[in-house]
Amino acid sequence: MADVVLVEYPDPAIAVVRINRPEVRNALNLEVRQVMAEIFRQFVDNEKLRCVILTGNEKCFAAGADIDDMSRLEAIDMYLRHTERLWQAIADCPLPIIAAINGYALGGGLELAMHADIIIAGKGTKLGQPEVNVGIMPGAGGTQRLTRAVGKFVAMRLCLTGEIISASEACEMGLISKLTDDDAVMETAMEMASRIAALPPIAIAQIKEVILHGTDAPLSAALALERKALQILFSSKDKHEGMTAFLEKRKPEFTGK
Ligand code: CO8
(Lines give C-alpha, C1' and ligand atoms only; values in the text may rest on other atoms or scores of the structure.)
Protein backbone atom coordinates (compact mmCIF):
# COMPACT_ATOMS: atom_id res chain seq x y z
CA MET A 1 0.00 0.00 0.00
CA ALA A 2 1.23 3.52 -0.77
CA ASP A 3 2.30 5.44 2.32
CA VAL A 4 -0.32 8.19 1.92
CA VAL A 5 -2.42 5.93 4.14
CA LEU A 6 -0.86 3.76 6.84
CA VAL A 7 -2.42 0.76 8.55
CA GLU A 8 -1.28 -0.51 11.93
CA TYR A 9 -2.60 -3.36 14.03
CA PRO A 10 -1.97 -2.52 17.71
CA ASP A 11 -3.97 -5.67 18.38
CA PRO A 12 -5.06 -8.31 15.82
CA ALA A 13 -8.67 -7.25 16.49
CA ILE A 14 -8.06 -3.52 15.91
CA ALA A 15 -6.87 -1.75 12.78
CA VAL A 16 -5.73 1.87 12.83
CA VAL A 17 -6.03 3.55 9.42
CA ARG A 18 -4.00 6.76 9.34
CA ILE A 19 -4.16 9.38 6.59
CA ASN A 20 -0.56 10.45 5.98
CA ARG A 21 -0.20 13.62 3.92
CA PRO A 22 0.75 16.03 6.72
CA GLU A 23 2.38 18.51 4.31
CA VAL A 24 -1.06 19.32 2.85
CA ARG A 25 -3.13 18.89 6.03
CA ASN A 26 -4.07 15.36 4.96
CA ALA A 27 -5.94 16.64 1.90
CA LEU A 28 -7.77 13.75 0.28
CA ASN A 29 -6.41 13.35 -3.22
CA LEU A 30 -7.46 10.49 -5.46
CA GLU A 31 -4.58 8.29 -4.34
CA VAL A 32 -5.57 8.56 -0.66
CA ARG A 33 -9.13 7.61 -1.50
CA GLN A 34 -8.08 4.71 -3.73
CA VAL A 35 -5.69 3.30 -1.15
CA MET A 36 -8.19 3.76 1.65
CA ALA A 37 -10.93 2.01 -0.35
CA GLU A 38 -8.63 -0.95 -0.99
CA ILE A 39 -7.73 -1.15 2.70
CA PHE A 40 -11.39 -1.22 3.71
CA ARG A 41 -12.20 -3.84 1.05
CA GLN A 42 -9.49 -6.10 2.49
CA PHE A 43 -10.81 -5.69 6.04
CA VAL A 44 -13.90 -7.68 5.08
CA ASP A 45 -11.78 -10.84 4.70
CA ASN A 46 -9.90 -10.39 7.96
CA GLU A 47 -11.63 -12.75 10.37
CA LYS A 48 -9.72 -11.54 13.42
CA LEU A 49 -10.61 -7.89 12.97
CA ARG A 50 -13.35 -6.44 15.20
CA CYS A 51 -13.03 -2.66 14.99
CA VAL A 52 -11.40 0.01 12.83
CA ILE A 53 -10.02 3.36 13.98
CA LEU A 54 -9.78 6.00 11.26
CA THR A 55 -7.48 8.89 12.06
CA GLY A 56 -5.04 11.52 10.83
CA ASN A 57 -2.43 13.19 12.99
CA GLU A 58 -2.57 15.41 16.07
CA LYS A 59 -2.72 18.58 13.91
CA CYS A 60 -5.24 17.49 11.32
CA PHE A 61 -7.68 14.71 10.56
CA ALA A 62 -8.27 15.89 6.98
CA ALA A 63 -8.70 19.39 5.51
CA GLY A 64 -10.96 18.14 2.73
CA ALA A 65 -10.56 17.09 -0.85
CA ASP A 66 -7.30 18.15 -2.47
CA ILE A 67 -8.04 21.63 -3.88
CA ASP A 68 -4.89 21.67 -6.01
CA ASP A 69 -5.96 18.41 -7.65
CA MET A 70 -9.59 19.54 -8.08
CA SER A 71 -8.57 22.89 -9.58
CA ARG A 72 -7.53 21.07 -12.78
CA LEU A 73 -10.66 18.92 -13.18
CA GLU A 74 -13.67 19.36 -15.46
CA ALA A 75 -17.07 17.78 -14.89
CA ILE A 76 -16.40 14.70 -17.01
CA ASP A 77 -13.04 14.13 -15.26
CA MET A 78 -14.93 14.15 -11.98
CA TYR A 79 -17.62 11.84 -13.34
CA LEU A 80 -15.13 9.35 -14.76
CA ARG A 81 -13.33 9.04 -11.45
CA HIS A 82 -16.43 7.39 -9.95
CA THR A 83 -15.24 8.25 -6.49
CA GLU A 84 -18.63 7.15 -5.15
CA ARG A 85 -17.27 3.59 -5.50
CA LEU A 86 -14.31 4.50 -3.29
CA TRP A 87 -16.50 6.03 -0.59
CA GLN A 88 -18.85 3.05 -0.80
CA ALA A 89 -16.01 0.68 0.16
CA ILE A 90 -15.86 2.48 3.51
CA ALA A 91 -19.64 2.74 3.88
CA ASP A 92 -19.93 -1.02 3.22
CA CYS A 93 -17.49 -2.00 5.97
CA PRO A 94 -19.47 -4.24 8.34
CA LEU A 95 -17.09 -3.56 11.25
CA PRO A 96 -17.61 -0.63 13.62
CA ILE A 97 -15.51 2.35 12.52
CA ILE A 98 -14.34 4.94 15.04
CA ALA A 99 -13.12 8.25 13.62
CA ALA A 100 -10.50 9.68 15.99
CA ILE A 101 -10.13 13.31 14.99
CA ASN A 102 -7.93 16.25 15.94
CA GLY A 103 -7.18 19.59 14.35
CA TYR A 104 -9.36 19.99 11.29
CA ALA A 105 -12.15 17.87 9.81
CA LEU A 106 -13.28 20.03 6.92
CA GLY A 107 -15.18 19.41 3.70
CA GLY A 108 -14.37 15.92 2.44
CA GLY A 109 -12.56 15.38 5.76
CA LEU A 110 -15.77 15.83 7.72
CA GLU A 111 -17.60 13.73 5.14
CA LEU A 112 -15.03 11.00 5.69
CA ALA A 113 -15.49 11.22 9.47
CA MET A 114 -19.24 10.90 8.92
CA HIS A 115 -18.65 7.55 7.19
CA ALA A 116 -17.59 6.31 10.65
CA ASP A 117 -20.03 4.99 13.25
CA ILE A 118 -18.54 6.83 16.21
CA ILE A 119 -16.65 10.14 16.16
CA ILE A 120 -14.22 10.92 18.98
CA ALA A 121 -12.84 14.45 18.75
CA GLY A 122 -10.28 16.51 20.63
CA LYS A 123 -11.62 19.73 22.16
CA GLY A 124 -9.51 21.82 19.78
CA THR A 125 -10.93 20.23 16.63
CA LYS A 126 -12.56 22.51 14.05
CA LEU A 127 -15.23 21.12 11.80
CA GLY A 128 -17.19 22.37 8.83
CA GLN A 129 -18.34 22.07 5.24
CA PRO A 130 -16.47 25.03 3.69
CA GLU A 131 -16.73 23.80 0.07
CA VAL A 132 -18.92 26.76 -0.87
CA ASN A 133 -15.93 29.05 -0.20
CA VAL A 134 -14.10 27.48 -3.15
CA GLY A 135 -17.12 27.54 -5.44
CA ILE A 136 -18.40 24.01 -4.99
CA MET A 137 -20.46 22.04 -2.50
CA PRO A 138 -20.17 18.84 -0.43
CA GLY A 139 -20.05 15.76 -2.64
CA ALA A 140 -19.38 12.77 -0.39
CA GLY A 141 -22.47 12.82 1.77
CA GLY A 142 -22.10 16.23 3.41
CA THR A 143 -25.57 17.41 2.43
CA GLN A 144 -27.14 14.06 3.39
CA ARG A 145 -25.26 12.41 6.28
CA LEU A 146 -24.86 15.80 7.97
CA THR A 147 -28.58 16.54 7.64
CA ARG A 148 -29.46 13.13 9.08
CA ALA A 149 -27.02 13.72 11.96
CA VAL A 150 -27.90 17.30 12.95
CA GLY A 151 -31.16 18.16 11.17
CA LYS A 152 -32.05 20.46 8.28
CA PHE A 153 -31.50 23.86 9.84
CA VAL A 154 -28.05 23.23 11.26
CA ALA A 155 -26.91 21.39 8.12
CA MET A 156 -28.18 24.28 5.97
CA ARG A 157 -26.31 26.76 8.13
CA LEU A 158 -23.02 24.84 7.85
CA CYS A 159 -23.25 24.06 4.13
CA LEU A 160 -24.65 27.44 3.04
CA THR A 161 -22.22 29.58 5.05
CA GLY A 162 -19.11 27.37 5.07
CA GLU A 163 -18.77 28.35 8.73
CA ILE A 164 -16.16 26.43 10.74
CA ILE A 165 -17.39 25.36 14.17
CA SER A 166 -15.72 24.23 17.38
CA ALA A 167 -15.75 20.66 18.62
CA SER A 168 -17.92 21.61 21.60
CA GLU A 169 -20.56 23.15 19.32
CA ALA A 170 -20.38 20.08 17.06
CA CYS A 171 -20.81 17.87 20.11
CA GLU A 172 -23.87 19.82 21.26
CA MET A 173 -25.47 19.38 17.83
CA GLY A 174 -24.92 15.61 17.89
CA LEU A 175 -22.08 15.44 15.37
CA ILE A 176 -19.55 14.04 17.84
CA SER A 177 -19.97 10.89 19.95
CA LYS A 178 -17.36 11.81 22.55
CA LEU A 179 -15.27 14.89 23.22
CA THR A 180 -11.86 14.48 24.90
CA ASP A 181 -8.71 16.45 25.59
CA ASP A 182 -6.71 16.82 22.37
CA ASP A 183 -3.96 14.49 23.56
CA ALA A 184 -6.43 11.83 24.74
CA VAL A 185 -8.21 11.19 21.42
CA MET A 186 -6.27 8.09 20.32
CA GLU A 187 -6.17 6.62 23.81
CA THR A 188 -9.94 7.04 24.11
CA ALA A 189 -10.46 5.53 20.66
CA MET A 190 -8.26 2.55 21.55
CA GLU A 191 -10.15 1.98 24.81
CA MET A 192 -13.45 2.11 22.99
CA ALA A 193 -12.20 -0.18 20.20
CA SER A 194 -10.89 -2.70 22.76
CA ARG A 195 -14.22 -2.67 24.53
CA ILE A 196 -16.11 -3.26 21.27
CA ALA A 197 -13.61 -5.94 20.19
CA ALA A 198 -14.37 -7.94 23.34
CA LEU A 199 -18.13 -7.98 22.67
CA PRO A 200 -20.00 -10.58 20.58
CA PRO A 201 -19.18 -9.74 16.94
CA ILE A 202 -22.41 -10.97 15.36
CA ALA A 203 -24.46 -8.78 17.73
CA ILE A 204 -22.14 -5.84 16.99
CA ALA A 205 -22.55 -6.35 13.23
CA GLN A 206 -26.34 -6.60 13.54
CA ILE A 207 -26.54 -3.42 15.62
CA LYS A 208 -24.52 -1.48 13.03
CA GLU A 209 -26.54 -2.85 10.12
CA VAL A 210 -29.92 -2.16 11.74
CA ILE A 211 -29.04 1.39 12.81
CA LEU A 212 -27.70 2.29 9.34
CA HIS A 213 -30.40 0.63 7.26
CA GLY A 214 -33.17 1.50 9.70
CA THR A 215 -32.38 5.21 9.53
CA ASP A 216 -33.37 5.29 5.87
CA ALA A 217 -36.45 3.09 6.19
CA PRO A 218 -39.99 3.87 7.38
CA LEU A 219 -40.27 3.31 11.15
CA SER A 220 -42.46 0.20 10.83
CA ALA A 221 -39.99 -1.46 8.41
CA ALA A 222 -37.04 -0.42 10.56
CA LEU A 223 -38.67 -1.88 13.67
CA ALA A 224 -39.35 -5.14 11.79
CA LEU A 225 -35.68 -5.19 10.71
CA GLU A 226 -34.66 -4.73 14.34
CA ARG A 227 -36.94 -7.58 15.50
CA LYS A 228 -35.60 -9.96 12.85
CA ALA A 229 -32.00 -9.11 13.71
CA LEU A 230 -32.68 -9.70 17.40
CA GLN A 231 -34.36 -13.02 16.60
CA ILE A 232 -31.32 -14.14 14.56
CA LEU A 233 -29.07 -13.48 17.56
CA PHE A 234 -31.05 -16.05 19.56
CA SER A 235 -29.41 -18.73 17.39
CA SER A 236 -25.90 -17.53 18.17
CA LYS A 237 -23.60 -19.38 20.55
CA ASP A 238 -22.58 -15.98 21.91
CA LYS A 239 -26.15 -15.29 23.07
CA HIS A 240 -26.09 -18.58 24.98
CA GLU A 241 -22.63 -17.81 26.38
CA GLY A 242 -23.52 -14.22 27.32
CA MET A 243 -26.67 -15.14 29.21
CA THR A 244 -25.21 -18.29 30.81
CA ALA A 245 -22.15 -16.34 31.97
CA PHE A 246 -24.41 -13.68 33.48
CA LEU A 247 -26.44 -16.28 35.37
CA GLU A 248 -23.28 -18.10 36.51
CA LYS A 249 -21.76 -14.75 37.59
CA ARG A 250 -18.64 -15.13 35.42
CA LYS A 251 -17.07 -13.24 32.52
CA PRO A 252 -18.40 -14.37 29.11
CA GLU A 253 -16.06 -15.78 26.50
CA PHE A 254 -17.44 -14.85 23.12
CA THR A 255 -16.37 -16.81 20.04
CA GLY A 256 -18.11 -14.95 17.23
CA LYS A 257 -20.34 -17.93 16.49
N1 CO8 B 1 -6.26 20.75 -0.50
C2 CO8 B 1 -4.99 20.92 -0.91
N3 CO8 B 1 -4.04 21.49 -0.15
C4 CO8 B 1 -4.39 21.87 1.10
C5 CO8 B 1 -5.70 21.71 1.59
C6 CO8 B 1 -6.66 21.11 0.73
N7 CO8 B 1 -7.93 20.88 1.11
N8 CO8 B 1 -5.74 22.18 2.85
C9 CO8 B 1 -4.50 22.63 3.13
N10 CO8 B 1 -3.68 22.45 2.08
C11 CO8 B 1 -2.27 22.80 1.96
C12 CO8 B 1 -2.07 24.30 1.80
O13 CO8 B 1 -2.23 24.69 0.46
C14 CO8 B 1 -0.65 24.47 2.30
O15 CO8 B 1 0.24 24.09 1.28
P16 CO8 B 1 1.64 24.93 1.09
O17 CO8 B 1 2.43 24.64 2.34
O18 CO8 B 1 2.23 24.32 -0.12
O19 CO8 B 1 1.25 26.37 0.99
C20 CO8 B 1 -0.55 23.41 3.40
O21 CO8 B 1 -1.60 22.48 3.16
C22 CO8 B 1 -0.76 23.99 4.78
O23 CO8 B 1 -1.99 24.69 4.76
P24 CO8 B 1 -2.16 26.11 5.49
O25 CO8 B 1 -0.90 26.91 5.38
O26 CO8 B 1 -3.41 26.73 4.98
O27 CO8 B 1 -2.32 25.60 6.99
P28 CO8 B 1 -3.09 26.30 8.19
O29 CO8 B 1 -2.78 25.50 9.41
O30 CO8 B 1 -2.81 27.76 8.22
O31 CO8 B 1 -4.67 26.14 7.85
C32 CO8 B 1 -6.64 24.93 7.17
C33 CO8 B 1 -5.26 24.87 7.86
C34 CO8 B 1 -7.60 25.81 7.96
C35 CO8 B 1 -7.14 23.49 7.14
C36 CO8 B 1 -6.48 25.52 5.75
O37 CO8 B 1 -5.41 24.85 5.10
C38 CO8 B 1 -7.70 25.37 4.88
O39 CO8 B 1 -8.62 26.15 5.01
N40 CO8 B 1 -7.72 24.35 4.00
C41 CO8 B 1 -8.80 24.17 3.05
C42 CO8 B 1 -10.06 23.69 3.73
C43 CO8 B 1 -11.18 23.50 2.71
O44 CO8 B 1 -11.60 24.42 2.06
N45 CO8 B 1 -11.64 22.26 2.60
C46 CO8 B 1 -12.71 21.91 1.67
C47 CO8 B 1 -12.10 21.46 0.39
S48 CO8 B 1 -13.32 21.15 -0.85
C49 CO8 B 1 -13.87 19.59 -0.49
O50 CO8 B 1 -13.51 18.98 0.48
C51 CO8 B 1 -14.83 19.05 -1.50
C52 CO8 B 1 -15.46 17.73 -1.11
C53 CO8 B 1 -16.03 17.15 -2.37
C54 CO8 B 1 -16.31 15.69 -2.27
C55 CO8 B 1 -15.38 14.86 -1.45
C56 CO8 B 1 -14.10 14.51 -2.13
C57 CO8 B 1 -13.03 13.99 -1.15
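User: In what order do the strands of the open three-stranded sheet stand, and how should I read that?

Analyst: Strands of a sheet pair through backbone hydrogen bonds, either parallel or antiparallel. In this structure, an open sheet of three strands has the order 5-7-8, and its pairing is mixed. Strands here are DSSP runs of E with at least two residues, while helices are runs of H or I with at least four residues, and both are numbered from the N terminus; two strands pair if DSSP finds at least two bridges between them. This is a predicted model, in which local features need pLDDT of at least 70 and side-chain atom pairs count only at pLDDT 80 or more, whereas totals for chains, interfaces and linings use all residues. Residues are numbered from 1 along each chain as its sequence is written, and side-chain values use heavy atoms, with hydrogens and water left out.

User: Which strands stand at the edges of that sheet?

Analyst: Strand 5 and strand 8 (165–166) are the edge strands, and each has a single partner strand, so one side of each is left without a neighbour in the sheet. Strand 5 runs parallel to strand 7 (residues 126–128), to which three bridges join it, and within this pairing Y104 stands opposite K126 in strand 7.

User: What does strand 4 pair with?

Analyst: Strand 3 (residues 51–55) and strand 4 run parallel and are joined by four bridges, with T55 standing opposite A100 in strand 4. Strand 4 also pairs in the parallel sense with strand 6 (residues 118–122), again over four bridges, and here A100 stands opposite I120. Strand 3 in turn is joined by five bridges to strand 2 (residues 14–19), and these two run parallel; R18 stands opposite T55 in strand 3.

User: Are the residues of strand 3 and strand 4 buried or exposed?

Analyst: The words rest on relative accessible area: buried means under 20%, exposed means over 50%, and partly exposed lies in between (1.4 Å probe, protein chains only). Five of the five residues of strand 3 are buried, so strand 3 is largely enclosed by the rest of the structure.

User: What is I204 in contact with?

Analyst: Contact means heavy atoms within 4.5 Å. Leaving aside its neighbours within four places in sequence, I204 is in contact with P96, I196 and L199. I204 is found in helix 10 (residues 201–215), and it is buried, with a relative accessible area of 18%. The C-alpha atoms of I204 and P94 are separated by 9.2 Å, although the two residues are 110 residues apart along the chain.

User: What is the phi of R25, and what is that of N26?

Analyst: Most residues other than glycine have a negative phi, and most peptide bonds are trans. R25 has a positive phi of about 55 degrees although it is not a glycine, and phi of N26 is near 55 degrees, also a positive value in a residue other than glycine. R25 is in the loop between strand 2 and helix 1 (30–43), and N26 is found in the loop between strand 2 and helix 1 as well. In accessibility, R25 is partly exposed, with a relative accessible area of 45%, whereas N26, at 0%, counts as buried.

User: How many residues surround the ligand, and which are the closest?

Analyst: A residue is near a molecule if one of its heavy atoms lies within 4 Å of it. Here 22 residues surround the ligand, and the closest are R25, A63, A65, I67 and G108. The residues of this shell divide into twelve nonpolar, four polar and six charged, where Ala, Val, Leu, Ile, Met, Phe, Trp, Tyr, Cys and Pro count as nonpolar, Asp, Glu, Lys and Arg as charged, and the others, Gly among them, as polar.

User: Where are backbone atoms of A65, I67 and G108 placed against the ligand?

Analyst: A polar contact is a pair of N or O atoms within 3.5 Å; within protein, one must be able to donate a hydrogen and the other to accept it, and residues adjacent in sequence count only if both atoms are side-chain atoms. A polar backbone atom of A65 is 2.8 Å from an oxygen atom of the ligand, a backbone N or O atom of I67 lies 2.9 Å from a nitrogen atom of the ligand, and a polar backbone atom of G108 is 2.8 Å from an oxygen atom of the ligand. The elements that give two or more residues to the shell are helix 2 (67–70), strand 5 (104–106) and helix 5 (108–113).
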